Amino acid sequence: MSMKAPPTLLQLAGQSLLRNEVLAISALEKLPMELFPPLFMEAFTRRCTGIVKAMVQAWPFLCLPLGALMKTRDVVTLQVALDGLDMLLGQQVRPRRWKLQVLDLRNVHLNFWKIWSGNMANACSTEAKSKKKKRPTEQNGPRMGEKQPLTVLVDVCLKQSILDAFLSYLLLWVQERKGLLQLGCRKLKISTVHIQSIRKVLEVLQLDWMQEVQVNCTWQLSTLAAFAPYLGQMRNLLKLLLSHIKVPASISPEEQKQLVVQFTSQLLNLACLQELSLDSVSFLEGHLDQVLRCLRTPLEALSMTDCQLAESDLKHLSQCPSIRQLKHLNLSGVTLTRFSPEPLRVLLERVSDTLKTLDLEDCGIRDSQLTALLPALSRCHQLTTFNYLRNPMSVAVLEKLLCHTIQLGHLSLEMYSTPLEVYGVHGAHYRRRLGQLRDELALIVKPSNHPRTVWFSTIPCPLCGNQALYEPGPNQCRGCSSI
């Protein structure tokens, strides 16, 4: 059994210093900056609140990543840190070495503390490197001028109409110091339909800090329209996810169009948007062009899942300038059965140089449509993942498809549903053909030494609907006692 290493002299000196609060606080003025992080961690762990307050005030780095040390969103810990900021705000003239500009309450910047978590001797040896290379928080933190206000960074998750104690205290504290500092948020998750509660938070946040927004609850289209003006202020937003936006049957087409415009007009302000995800969004059918016209920059990822689209929508998508650098495309759950394959073929050709993941699960694509798409799919040489689950497909067309995808050198994961023919009267013949095809493909792939998985899912039994794997016997599955 290994024994714990004894504390170093510097560690013992730090622990001794923390036992005398007055001495510790007075020593901060001349304490080398490389000793601040390990001493702060020790003071934080021991709940030396007076010393923690003073160290927040005298912090010699641009950012204090406090959230990475907080195991829970503890109000008491928050009060201590904010009291330290109050002391800093009260300083008319700051010493030059007091550099704090951002108090980060998010659970990020773990590397910053890892650098200093070994022991104080290792911390000292890092000082020479710090002159040549910035600390993690300086590299990843915002670039701020000296005259800009202090910033508190927090991730916000709104789950109910009543805010939790941590966020409520923080919002009130910031409101009482309006003009002295700003409250920034990188990631906003919304799981509530109470727009008044959402507004209460958004009106306090500095919205141009926002990088990611997720709406994970059922909103009416009118709620989205009411949220849109705040969305338009998030000028540095990178990711937007909207889920389950419903259109009531009671509103007229004119009202729906007006509400859609209120939303799409704010997209014009999102000059940094890279990822757009729309899941179960009811207003897209016949209106997708309104959304696409308002995208200002090329997207890296586009997801439209479980949405009703018109064939004209897919045509507009294939012609949209913002998809020319698309890396990830997800259309799972979008029914394409009655569509011409031409718009999707054109879309695949336009993104063939950049596309890495393609998800067409449960799109109802028929054999004839897939056959028409194969030449375009063969040009997607950057593709790494292809999901074609829950689409009906014959063994013959599956064979053609695999012969095309085998030529894609970066493709590492393919997912298909097993053709129905395998479970029919002549299933043994088709299973033998699939086995032969597997062996043939293995011979082609083996020389490249490129890891590759071709995954076949089982399908529900036609009689009982059970998803379990079919037994080897003819026409029998585990979920069906007799046929």
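By class, the residues that line the largest cavity are 7 nonpolar and 2 polar, with no charged residue among them; here Ala, Val, Leu, Ile, Met, Phe, Trp, Tyr, Cys and Pro count as nonpolar, Asp, Glu, Lys and Arg as charged, and the others, Gly among them, as polar. The model is a predicted one, in which local features need pLDDT of at least 70 and side-chain atom pairs count only at pLDDT 80 or more, while totals for chains, interfaces and linings use all residues. Residues are numbered from 1 along each chain as its sequence is written, and side-chain values use heavy atoms, with hydrogens and water left out.

The lining of this largest cavity is made up of Leu314, Leu336, Phe339, Ser340, Pro341, Leu344, Ile365, Gln369 and Leu373. A cavity is a set of points, on a 1 Å grid over the protein atoms alone, where a 1.4 Å probe fits but cannot get out, and lining residues have an atom within 4 Å of a point. The largest cavity has a volume of about 60 Å³, the volume being the space filled by probe spheres set on the points, and the model has 3 cavities of 30 Å³ or more.

Turning to the strands, the reader can find an open sheet of 5 strands, paired in parallel and arranged in the order β1-β2-β3-β5-β7. Its edge strands, β1 (63-64) and β7 (205-206), each pair on one side only. Strands (E, at least two residues) and helices (H or I, at least four) are DSSP runs numbered from the N terminus, and two strands pair if DSSP finds at least two bridges between them. Within the sheet, β2 (residues 102-104) runs parallel to β3 (residues 150-153) and is joined to β3 by 3 bridges, and Val102 has Thr151 in β3 as its bridge partner.

Helix α10 (residues 195-202) has the buried residues Ile195, Ser197, Ile198, Val201 and Leu202, where buried means under 20% relative accessible area and exposed over 50% (1.4 Å probe, protein chains only). Seen down the axis of α10, these residues fall within an arc of 160 degrees, so they line one face of the helix; the arc is that of the directions from the helix axis to the C-beta atoms. The buried residues of α10 pack against β4 (156-158), α9 (165-175), β6 (187-190), β7, β9 (219-220) and α11 (221-231), whereas the face turned away from the buried side carries the exposed residues Gln196 and Lys200.

Met55, finally, lies in helix α4 (residues 49-57) and is buried, with a relative accessible area of 0%. Leaving aside its neighbours within four places in sequence, Met55 is in contact with Leu28, Phe36, Leu39 and Phe40, contact meaning heavy atoms within 4.5 Å. Met55 and Ile25 are 30 residues apart in sequence, yet 7.8 Å apart in space, C-alpha to C-alpha.

Technical notes:
On a 1 Å grid over the protein atoms alone, a cavity is a set of points where a 1.4 Å probe fits but cannot get out, and a pocket is an open set with protein on both sides within 12 Å along at least five of seven lines; lining residues have an atom within 4 Å of a point.
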